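Please look over the sequence and the model shown here. The text after them is a short walk through one chain and its contact with another.

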Amino acid sequence: MEEYNYKSRRKFIRDIAGAGAFLAFYSFPTSLLANTDAYTKITILHTNDWHSRIEPFPEDGGKFSGMGGAVFRASIINEIRKQEKNVLLLDDGDVFQGTPYFNFYGGELEYRLMSKMGYDAGTLGNHDFDAGLDGLNKQLVHANFPILNANYNFSNTLLKDKFKPYQVFVKDGVRIGVFGIGIKLDGLVPAKMYGDTQYNDPIETAKKTVAILKEEEHCEIVICLSHLGYKYKENIVSDEILAAQTKDIDLIIGGHTHTFMDAPASIKNSAGNEVLIFQVGWAGINLGRVDFFLEKKSKRKWSKHHTVIVAKKTNQNNPK
Amino acid sequence: MYKKTIYLLLMLLAACKTYHTTQIQWDEYHIETKKQAVSADTSIIGIIAPYKNALDSQMNAIIGTNAITLSSKKPEGSLGDFFADAIREEAEKLYHKKIDVSFFNSGGLRIQGIAAGPIKVTTIYELMPFDNEIVVMTIDGNTLFKILEYSAKRGGDPISGVRYTIQDNKPINITVNNEALVLAHQYVYATNDYLANGGDNMNFLKDVPKELKSVKLRDMLFEYFKSHPQPLNYTADGRVQLQK
């Protein structure tokens with residue numbers, strides 16, 4: 001494992017089971033882990049609302065001076081991949097719009113760079129419609145990763161069959177279901193841009209999709225790429241509402257509201273279990289990371305409401 | 001044989017087992033060029049290079065200079081004031097008539113500010129990346145009041161020609177070009193096609209007849225810089241007040 005000289009804020013956001021359980025987990029001999037195949041770790045990396053910020057913000061003394069940029073994002077992702085076996089790299093949409101790179105190249109460079117960085121999946125944000133359905137269609141050839149959305153129906157458009165609702169990834173024997181949920185386009189995106197795209201209810205669609213991922217696809221981890229936005233003062237469907245009104249989602253990767261979260265939010269779902277929501281600002285300034293530590297046991301040994309400890313990463317390998 | 005049996009047994013046992021999450025850790029990597037200890041990914045630089053080279057000569061051209069940093073703020077900021085004033089002035093030239101009010105969505109201005117110093121073409125693209133076009137229409141004072149009500153509720157937006165105060169999320173003390181708002185009066189109103197067509201759920205302008213010129217707001221800003229003495233020296237003038 002390589003060493004880095006990075007600063008890191010380290011704090012536990014929650015430790016329900018106490019330090020004992022936490023330490024016990026870590027002191028487990030790694031050789032035994034490898035032999036029994038009873039433990040594994042899945043690393044999720046994520047971005048949201050890149051908005052065509054190919055290069056870092058200019059060094060002009062502004063708020064985000066020198067921050068972001070595809071070059072160092074790729075470097076950090078590569079370093080993490082050297083350390084971790086089971087990495088999934090996900091994006092939450094609004095890849096397009098914000099710099100001349102989009103005005104002049106229509107999103108081609110954004111998708112090419114994401115393909116090169118090895119993104120496993122993305123989704124659609126409202127601004128990904130900014131060059132219309134035709135504009136989006138032209139760029140899909142540059143994305144070598146699936147773009148997932150479950151609640152837009154493109155049947156009557158030229159984008160019919162271009163997007164899958166979900167994808168299942170298998171890492172180290174763990175089945176990870178990832179699906180996408182988009183925001184209501186009417187009133188947000190000019191009608192001529194989204195054409196005959198039909199919007200379906202995010203909550204109902206999420207429930208149906210999660211049921212498929214759990215019961216038919218037998219996923220052990222379910223991740224929602226949601227472009228609904230973190231939360232609103234008004235009663236508008238958001239990640240918080242999505243988390244609370246569904247069950248069996250483990251992680252909501254959020255976007256749209258450009259929220260810089262201090263830590264992932266933890267929300268109780270309709271079955272009383274915790275769902276994490278994480279969103280890392282916008283413009284590619286931050287790369288989010290969530291590690292799932294899994295243990296293999298026979299089904300009867302798991303209670304329905306087992307406790308999951310959520311903690312800030314405490315290792316030294318943190319490229320801050 | 002013995003080993004194989006054991007292995008088979010283990011396989012069978014494993015089949016009845018499932019993975020469950022026992023712990024989740026999270027982290028966040030801050031990407032800032034100066035602070036990285038990792039080296040730059042040259043393959044990414046290589047992909048960007050041809051695009052960047054083709055854009056840079058055009059985008060790094062200086063179109064003006066700025067004496068004081070413009071910044072966006074709620075209920076009012078110098079960036080929003082500048083933008084709304086500039087578009088109103090350019091719209092008057094374009095339409096050859098007096099425009100009483102211009103109004104835009106704060107979410108449509110996509111950068112937080114324009115730093116003091118030279119202003120590059122790219123900055124104008126980043127401020128106004130959308131290909132939104134200018135729209136002019138005649139509305140009555142009642143409709144203008146509805147627009148201000150809508151804006152006050154969400155804390156204010158870039159506006160020109162109007163001064164008012166937000167009290168309890170409602171507009172009060174409204175003046176249009178220094179005269180009190182008259183609900184029955186007709187006003188010439190400029191905005192972008194996004195809002196005029198119901199963007200941001202601003203549905204009440206959809207049916208108002210519109211004068212279109214197919215001119216982008218971004219190009220109007222470029223025109224503004226051509227015809228104005230530099231450097232720009234713009235401060236917020238207190239047109240939208242928040243009463244606490």
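The paragraphs below go from the chain as a whole to the interface and then to one residue.

This is a predicted model, in which local features need pLDDT of at least 70 and side-chain atom pairs count only at pLDDT 80 or more, while totals for chains, interfaces and linings use all residues. Residues are numbered from 1 along each chain as its sequence is written, chains are lettered from A and ligands numbered from 1 in the order in which they are written, and side-chain values use heavy atoms, with hydrogens and water left out.

Chain A contains 9 helices and 14 strands; helices (H or I, at least four residues) and strands (E, at least two) are DSSP runs, numbered from the N terminus. Of its 320 residues, 58% count as buried, where buried means under 20% relative accessible area, exposed over 50% and partly exposed in between (1.4 Å probe, protein chains only).

The contact between the chains (heavy atoms within 4.5 Å) takes 100 residues from chain A and 54 residues from chain B. The size of an interface is often given as the accessible area lost when the parts come together. Here the buried area, meaning the accessible area (1.4 Å probe) that two parts lose on being put together, summed over both, is about 7,000 Å², and carbon and sulfur atoms give 58% of that.

Across this interface there are 4 salt bridges, each a side-chain nitrogen of Lys or Arg within 4 Å of a carboxyl oxygen of Asp or Glu. In one of them, A:Arg53 is joined to B:Glu126, with the closest N and O atoms 3.1 Å apart. Several elements of chain A each supply at least two residues to the side that touches chain B, including α1 (18-26), α3 (70-83) and β13. The most comes from β13(A), with 13 residues.

Another strand, β14(A), pairs with strand β1 (residues 17-30) of chain B in the parallel sense over 4 bridges; two strands pair if DSSP finds at least two bridges between them. In this pairing A:Val310 stands opposite B:Ile24.

Which strand holds A:Asn286? It lies in β13 (residues 286-298) of chain A. A:Asn286 is buried because its relative accessible area is 8%. Among the residues that A:Asn286 touches are A:His46, A:Phe260, B:Tyr29 and B:Ile31. The side chain of A:Asn286 also makes polar contacts with the side chains of B:His30, at 3.0 Å, and B:Glu28, at 3.4 Å. A polar contact is a pair of N or O atoms within 3.5 Å; within protein, one must be able to donate a hydrogen and the other to accept it, and residues adjacent in sequence count only if both atoms are side-chain atoms.

Conventions:
Lists of a residue's contacts leave out its neighbours within four places in sequence.
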